[in-house]
Amino acid sequence: MAELIVISTLNGVLFGMLLFLLSSGLTVIFSMMGVLNFAHASFYMLGAFFGYQLTRWIGFWPALVIAPLLVGVVGMGVERYGLRNTHKHGHVAELLLTFGLAFAIEEIVSMIWGKSPVDYRVPAVLDFPAFTVFSTNYPAYKIFMLVVSVVIFIALLVTLKRTRVGLIVQAALTHPSMVGHLGHNVGRVFMLVFGVGSALAGLAGVIAGPSLVTQSDMAAYLGPILFVVIVFGGLGSLPGAFIASLLIGLIQTFAVALNGSLASVFGPLDPSLGPSPLTDIWNVTIAQIAPILPYLLLVLVLIFRPMGLLGTRES
Amino acid sequence: MRKLIVAATAALTVLGGAASAQESIKIGYIDPLSGGGASVGEGGLKTFQYLADELNAKGGILGHKVEIVPLDNKTNPQESLVQAQKAVDAGVHYITQGNGSSVGAALEDFVTKHNSRNPGKEVLYFNYAAVDPSMTNEKCSYWHFRWDANSDIKMEALTNYMKGQPSIKKVYLINMDYSFGQSVRTAARKMLGEKRPDIQVVGDELHPMLKVTDFSPYIAKIKASGADTVVTGNWGQDFALLLKAAADAGLKVNWYTYYAGGAGGPTAIKQTGLENQVFQISEGVPNSGNKAAMDFEKDFRAKTGISVWYPRAVNEMRMFKAAAEKANSIDPVKVAAALEGMKFDVFDGGEGFMRKDDHQFFQPIYISSFGSLADKTKEPFDEENTGWGWHIVSKIDTAQTMLPTTCNMKRP
């Protein structure tokens, strides 16, 4: 049991940190531009595929740096030539643009790399068990993922809270016209933020690719859960996204580990009732409903605390 | 005058030829071409297109060209019904599907209803991989034919093999949460209980179908249970990801699987380093030793870039041709009648037959394990460029695969 708890905690934190890498960009972009970027998970997928391709050409370590930068450039392009032009038509147009973009990216990726998973492997230097807890190996690569996410988290926090760039970004969040009057190029700030957010998603893709399967539908799996994270944490709140990511990572991992069901608490139903929808519900284990728990949380949060955990506004 | 007649006859022949060439046999391929099942659906499509080309190169079926119509069902039963209706409206009389018994059951029901309401416009459903036993038992339909051994047949063979492995003490069952996964777990529990009552089932997991992105929580649970063997019917990415997570955690157990060879599976096994610890049950393997099959494999790989993962699809298409020729018609009603009870030499050698009682095809099946290939001349085929391939560890003859059916077939 102790083994299960330790391993589940590690797995949960890791999944949480991965979610954070993605949601941090999404939430900052949202708070700055008011756009919920539906294509955010697609940038994550692009990161994974760029990472895979560059790893084949020039090796994993250069790919780790170049692939996120490329994704960042793509992101900036989307902002500069897509979102900025649709901005004048309002948020719905922007939302639809990112929505369409998500589909377009998925199709393009499957056209180039096919729909089957690609063979994106953990680099040989990191392909060893970092340590053994009880008798389970914990792969070094997962520790590497954890370290990268923590470093990014700290860097992001320091940049936003302690540097001049962060100051301007924060100011542009709430008072874009004032920042513009002070001589800053707000358009460029937006573009850079969008680029950095996409690059972070790309980085998440590069490091998650070898660990999860890299294929053209990976964006569709992670997309919905990202929205849960940022709504749960509070739209626009970076610490909120951090807490929500970890919480959702841990909840999902621990729910899987539990075998409890109504039957195990209250005893099995009278067999004379025979098979019915009721017996199905009675015997369903927590493990089986694990994947819907985050969405259940989303619904509860929206009902009882619409601004999210650390959010500041109601919208 | 005579010249005119000759010319007219020639013209008519040409026109007639053109007309019959236009009247191609359309086969609606209803399987996932997007979403979590896309990797296997794409492989299936390539296989059927290759087989259609093969038939067409030899003059098609009774002079009719065979055309595969790909329809994406996203592994979703409702979507499949929409696609099936679309196919029927476009003049399709044969549909084929394999991935997901949830989809299979819906299609079986669809053809049964459609055919009773539209006499003269019958549609046949050729099933190449949906293996829920109920489809040829309580829910059986005259219009449905299945070329893959059903889940109970496979489990019977797997447990017969497991019976002779004394090292198996604790078994963990992990399956996808839908009709097929549930039938795998039920059959495994029942058959292991009968054949090896000393084996302890230490876990019985159902997880959401094609939705889990990281299986490490499940692997931690398997590890904690102390299992030495895992039995799973997982396919597509649910198998690849499961194995990948096992590799990361260093879980060294034996795997008894239905679909380890699917896209991504072999790569994950190689990464885990589980040499000869992963077993698969199928109706054929690339290194079967059968010359015709291996020549086919070579050409297939050269043209499609994937390995022959559906020998049953080969059987299906070739047998379709044989049945149409036997009936001397491409009318679905006559083809169905010809298929009933039909004997057929299968792809990897040996004789199979389509049982009249339930339209289940019986054929020799093989248990194979995955590992490095010692003799490259005898076993030339590896999988997904891993250098490892399948070798047969046990063959089960057609006669030993026969299970009784409860089907009460309603004939038209």
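Student: Which helix of chain A holds I230(A)?
Tutor: A word first: this is a predicted model, where local features need pLDDT of at least 70, side-chain atom pairs count only at pLDDT 80 or more, and totals for chains, interfaces and linings use all residues. Residues are numbered from 1 along each chain as its sequence is written, while chains are lettered from A and ligands numbered from 1 in the order in which they are written. Helices are DSSP runs of H or I with at least four residues, strands are E runs of at least two, and both are numbered from the N terminus. I230(A) lies in residues 218-233, helix α9 of chain A.

Student: Is I230(A) buried or exposed?
Tutor: A residue is buried if 20 or more other C-beta atoms, placed from the backbone, lie within 10 Å of its own, exposed if 12 or fewer, and partly exposed in between. I230(A) has 29 other C-beta atoms within 10 Å, so this residue is buried.

Student: What separates the C-alpha atoms of I230(A) and L26(A)?
Tutor: Along the chain these two residues are 204 residues apart.

Student: Which element gives the most to the side of chain B that touches chain A?
Tutor: Contact means C-beta atoms, placed from the backbone, within 7 Å. By that rule 31 residues of chain B are in contact with 28 residues of chain A. With seven residues, the element giving the most to that side of chain B is α7(B).

Terms used: Two residues are in contact if their C-beta atoms, placed from the backbone, lie within 7 Å.
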